[in-house]
Amino acid sequence: MKLHEFQAKRILSEYGIPVPQGSVAKTPSQAAAAAFDMGGTVVVKAQVHAGGRGKAGGIKIVDSPMGAQKAAEQMIGANLVTFQTGPEGVPIESVLVEEGVNIVNELYLGMVIDGTSKGVVVIASEAGGIDIEEVAKSSPEKILQIPIDPVLGLQPFQARKIAYWLGLSDDLVLKSTKIFQNLYRAFVETDASLVEINPLVITEGGDILSADAKFDIDDDAIFRQKIIREMSDPAQDPVLEVEAKAFDINYVKLDGNVGCIVNGAGLAMATMDVTSSAGASPANFLDIGGGADEKKVAKALKLVLSDDKVKVVLVNLFGGILRCDIAAKGFVMAVEEMPDRARPMVVRMLGTNSDEGRDILTQSNLNVIMVETLGEAAEAITKLS
Ligand code: GDP
Ligand code: MN
């Protein structure tokens with residue numbers, strides 16, 4: 001679960017990590033009032049669950065309440081498209097109005113769960129700011145990575161190593177090592193899978209401050225994060241993913257045009273591989289899950305057919321707890337409910353009641369091609385898409 005910048009900064013503040021003074025505005029007049037209270041230069045920042053705002057017009061530096069009002073007028077209610085969003089962008093429902101900071105240097109500080117070292121890795125670079133992705137590609141030697149022992153936590157010597165790597169002056173070393181250790185504590189205690197301060201800035205006054213903040217919380221730990229749970233903002237997620245979640249269907253939208261309906265996450269991954277090797281590309285990952293009934297199966301197909309990009313649907317089911325005849329009835333039900341959106345379906349069904357399932361589909365008026373093997377499925381998809 002992603003957090004907004006203003007929520008992330010509240011957490012940082014609670015952990016003693018300095019952030020600029022700021023306040024959230026939901027209307028242009030609130031933004032003007034906030035700018036008036038702060039006086040001087042302020043930064044108006046679109047609150048969306050995506051980075052890359054600076055390059056996309058989502059960050060505006062203004063020097064009057066009127067300027068803040070205008071910036072907020074342009075942002076609130078609009079959709080922001082950045083290199084991290086799809087072409088449809090994400091809705092801006094609020095802005096963060098912050099005191100302007102005179103930045104001397106922009107640093108990068110991140111922590112992420114790393115599968116290779118099986119723990120948290122701290123990532124730091126002197127070349128922070130909006131081009132960090134480019135730095136990682138073209139000069140990876142500028143990026144420090146330190147794996148943290150989960151038992152010992154972030155050790156003082158490691159914190160000092162980060163501070164020196166970032167080229168911090170002696171008077172900032174003590175302050176910054178506290179920031180690193182507090183951030184590690186915040187990471188662990190919020191069940192984060194990623195936190196990122198980019199940029200961590202050195203100001204003209206010689207201070208150190210988090211100018212941006214990003215938190216990604218492990219969805220499987222949300223149940224024990226009562227306060228963070230309240231911060232969720234489903235308006236930032238793709239509509240179809242939110243609907244799927246309500247039905248307990250694992251759905252992730254992708255860019256291709258082959259809608260995939262599968263039971264079991266592993267089989268779903270394999271099905272996407274087959275789709276790709278057939279020269280097509282999957283429109284989604286979808287795992288119906290085990291205990292599905294007709295209605296849930298129908299919902300799954302309706303979700304997939306709601307995606308305008310979908311040209312053909314690939315069904316790959318292994319009937320176990322979910323019987324194939326139930327699934328077939330669910331598919332028929334879905335197409336009856338949205339006949340205009342019906343698309344050709346390539347169906348592979350094995351396991352419990354597969355004969356009954358196939359009969360239901362071939363006798364229905366659905367446009368289905370029944371296949372036995374994944375190879376045949378791939379062939380059928382290549383032809384159709
Ligand atoms: P992102 O593009 O979504 O990561 O948004 P950021 O919050 O990181 O802002 C992008 C860039 O805007 C930063 O790298 C800074 O260069 C600039 N910026 C943000 N806040 C301030 C500020 O208070 N003063 C100045 N001068 N620049 C800022
Ligand atoms: Mn940033």
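This is a predicted model: local features need pLDDT of at least 70, side-chain atom pairs count only at pLDDT 80 or more; totals for chains, interfaces and linings use all residues.

Student: Fine. Which residues come nearest to ligand 1?

Tutor: There are 17 residues around ligand 1, and K45, R53, G54, V101 and E106 come nearest.

Student: What does the backbone of G54 and of V101 do there?

Tutor: A polar backbone atom of G54 is 2.8 Å from an oxygen atom of the ligand. For V101, a polar backbone atom is 2.9 Å from a ligand nitrogen.

Student: And what about the side chain of D212?

Tutor: An N or O atom in the D212 side chain lies 3.0 Å from an oxygen of ligand 1.

Student: How much of ligand 1 does the protein bury?

Tutor: The protein buries 84% of the 570 Å² that ligand 1 exposes when taken alone.

Student: Which pocket is that?

Tutor: Ligand 1 sits in the second largest pocket.

Student: Why does the ligand lie between the two domains?

Tutor: Both domains give residues to its shell, so ligand 1 lies between them. Domain 1 is 1-20 + 102-237, and domain 2 is 21-100.

Student: Which strands supply at least two shell residues each?

Tutor: That list is β2 (42-46), β3 (59-62), β7 (103-114) and β10 (192-203).

Student: How does the shell split by class?

Tutor: Seven nonpolar, five polar and five charged residues.

Student: Switching to the backbone. Is the peptide bond from N198 to P199 cis or trans?

Tutor: The bond from N198 to P199 is cis, with omega near 10°. P199 lies in strand β10, and β10 is one of the strands that supply the ligand shell.

Student: What's the phi of K118?

Tutor: K118 has a positive phi of about 55°, although it is not a glycine.

Student: Why point those two out?

Tutor: Because most residues other than glycine have a negative phi, and most peptide bonds are trans.

Student: Where does K118 lie?

Tutor: K118 is in the loop between β7 and β8 (119-125).

Conventions: Residues are numbered from 1 along each chain as its sequence is written. Chains are lettered from A and ligands numbered from 1 in the order in which they are written. Side-chain values use heavy atoms; hydrogens and water are left out. A residue is near a molecule or strand if one of its heavy atoms lies within 4 Å of it. A polar contact is a pair of N or O atoms within 3.5 Å; within protein, one must be able to donate a hydrogen and the other to accept it, and residues adjacent in sequence count only if both atoms are side-chain atoms. Accessible areas come from the Shrake-Rupley method with a 1.4 Å probe; for residues, only the protein chains shown count as cover. On a 1 Å grid over the protein atoms alone, a cavity is a set of points where a 1.4 Å probe fits but cannot get out, and a pocket is an open set with protein on both sides within 12 Å along at least five of seven lines; lining residues have an atom within 4 Å of a point. A molecule sits in a cavity or pocket if more than half of its atoms lie within 2 Å of its grid points. Helices (H or I, at least four residues) and strands (E, at least two) are DSSP runs, numbered from the N terminus. Ala, Val, Leu, Ile, Met, Phe, Trp, Tyr, Cys and Pro count as nonpolar, Asp, Glu, Lys and Arg as charged, and the others, Gly among them, as polar. Domain bounds come from an automatic or database domain assignment.
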